[in-house]
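Q: Hi! Could you walk me through this one while I have it open?
A: Happy to, here it comes.

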Amino acid sequence: EHWGLDVQAAAFVAEVAMAEQAVHFDYLRMSREFMEITQPAERTNFLVVLFAVANADGRISVEENREISQIADYLLMSRTRVNEARSIFA
């Protein structure tokens, strides 16, 4: 919804994200490439989506919060932006 993907593309993104090989991705490189093709508002929306997924069970765990914060660091996003995205689910 937030990325404007059709159903097929969204399914592919989800499949890749859940693939066992995903643990071997170079997240720093992938983050830098993501930064090059997105605007700041799109990156903030990405964090909102990550927090929404983390909150799917009704709470955002410390581990989930830490992981999302690390992703935000890779994307050179400020603590203010991270807190704004997380506050939607507080």
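A: Helices (H or I, at least four residues) and strands (E, at least two) are DSSP runs, numbered from the N terminus. Val 13, for instance, is found in helix α1 (residues 7-18). This is a predicted model, with local features needing pLDDT of at least 70, side-chain atom pairs counting only at pLDDT 80 or more, and totals for chains, interfaces and linings using all residues. Residues are numbered from 1 along each chain as its sequence is written, and side-chain values use heavy atoms, leaving out hydrogens and water.

Q: Is Val 13 buried, exposed or partly exposed?
A: Val 13 is partly exposed, because its relative accessible area is 35% (buried is under 20%, exposed over 50%, partly exposed in between, with a 1.4 Å probe and protein chains only).

Q: Switching topic, where is Met 77 found?
A: Met 77 is in the loop between α4 (62-74) and α5 (79-87). Its relative accessibility is 10%, so Met 77 counts as buried.

Q: And which residues is Met 77 in contact with, leaving aside neighbours within four places in sequence?
A: Those are Arg 43, Thr 44, Leu 47 and Ala 72, where contact means heavy atoms within 4.5 Å. The C-alpha atoms of Met 77 and Leu 47 are separated by 9.8 Å, with the two residues 30 apart along the chain.

Q: Nice. What about Phe 46, buried or exposed?
A: Phe 46 has a relative accessible area of 16%, so Phe 46 is buried.
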